[in-house]
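Subject: Structure handover

Hello,

My notes follow below it.

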Amino acid sequence: MSITKVLTSPYRFKERILLYGGAGVGKSSVTLNIARHMPESTFHVIDMDYSMTYDRLLQTEYQDVEERGNVKIHTVGTDWDLFTETFAKIVAEANPDTDWITVDPATATWEMVQGWWSDTVIGNNIADHMAQLKRDSKDAREYSASIADTMQWPAINKQYQQKFYGQMHKWHGHMILCCEPNEIRRDEDADVKSTYGFVGYKPKGQKTLPHVAATNIFLDHPKIDQWRMTSVKDRGRELVEKVNLTSFADDYLVDVAGWEMSMVKD
């Protein structure tokens, strides 16, 4: 007989967490760390990372989680149609009372929908099309106008809202979004500066993406043996800055978010 540390939430609401930071800061490890302590839940990971990080982690640091089998990896690459179909199927079939959905990297979805638009309207020769627009334009202003006319941002945003945000609204379970960071510019919007300025980075991707999560956490890795978290936005919870991170389940969900960890006999 063995003892397992099991997480439970004391809340009726579900977690909506956006994690962002550079490579190697531990974004992908968070989902697997939580899965280790929630054996009765299923974790659906929509993986768009070329490095196939989750498969590697499950076979190295999280062999116990792989053996249990409560993490399902859905590999979709950068195909917008495959991603949206997969996401919709998971939302329809998963159990919102217990299950989690992770989109990694969520940043890629904005690039994917733009690629879907250009392939649909122009075909696969987008580079040739852009080059022709450049040759046909009298100056940079005309070229920018031609690109805007080609991309049709209102239509792209509508597709993004319907197929991605629309499914997120339908999903009433726990969710994790993983994003790369974008450095805060001097000409940045005042709201962005007030929220993310003290960190120096905001989540990369479609500009409204950070708003769909109640919790935005910046992860960094300043030393070879140190990982940290800073909660940039966390509705109803105290913000923490540069806190050492060894186990997201313990260091954030228990110590910050107020979840409960109990010892259970297998």
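A residue counts as buried when its relative accessible area is under 20%, and as exposed when that area is over 50%. Please keep in mind that this is a predicted model.

**Cysteines**

By that cut-off, Cys 179 is buried, because its relative accessible area is 0%. Cys 178 is buried too, with a relative accessibility of 0%.

How many disulfides are there? The count is zero. The rule asks for two cysteine sulfur atoms within 2.5 Å. For Cys 178, the closest cysteine sulfur is that of Cys 179, and it sits 7.4 Å away, so a bond is ruled out by distance. Seen from Cys 179, the closest cysteine sulfur belongs to Cys 178, again at 7.4 Å and too far for a bond.

**Overall make-up**

The protein has 266 residues, and 46% of them count as buried. Its secondary structure consists of ten helices and twelve strands. The accessible surface comes to about 14200 Å². Carbon and sulfur atoms account for 49% of that surface. Take the contacts between residues at least 6 apart in sequence: 69% of them join residues at least 24 apart.

**The sheet**

Eight strands make up an open sheet with mixed pairing. The order is β4-β3-β5-β6-β2-β9-β10-β11. At the edges are β4 (71-75) and β11 (243-244), each pairing on one side only.

Strands of a sheet pair through backbone hydrogen bonds, either parallel or antiparallel. Which way do β2 and β6 run? Strand β2 (residues 16-20) and strand β6 (residues 174-179) are parallel, and five bridges join them.

**Helix α8**

Helix α8 covers residues 153-170, which is 18 residues. From first C-alpha to last, α8 reaches 24 Å. That is close to the 26 Å expected at 1.5 Å a residue. Where is the kink in α8 centred? It is centred on Gln 161, with an angle of about 35°.

An α-helix has 3.6 residues a turn, so residues three or four places apart point the same way. Here is the list to view with that in mind. The buried residues of α8 are Ile 156, Gln 159, Tyr 160, Phe 164, Tyr 165, Gly 166, Gln 167 and Met 168.

Best wishes

Technical notes:
Residues numbered from 1 in each chain as written. Predicted model: local features only at pLDDT ≥ 70, side-chain atom pairs only at ≥ 80, totals over all residues. Heavy atoms only, no water. Buried < 20%, exposed > 50% of the residue type's maximum accessible area, 1.4 Å probe, protein only. Helix = DSSP H or I, 4+ residues; strand = E, 2+ residues; numbered from the N terminus. Expected span 1.5 Å × (residues − 1). Bend = angle between axes of the 7 residues up to and from the residue. Contact = heavy atoms within 4.5 Å. Areas by Shrake-Rupley, 256 points an atom, 1.4 Å probe, with all protein chains shown as cover. Pairing = 2+ DSSP bridges.
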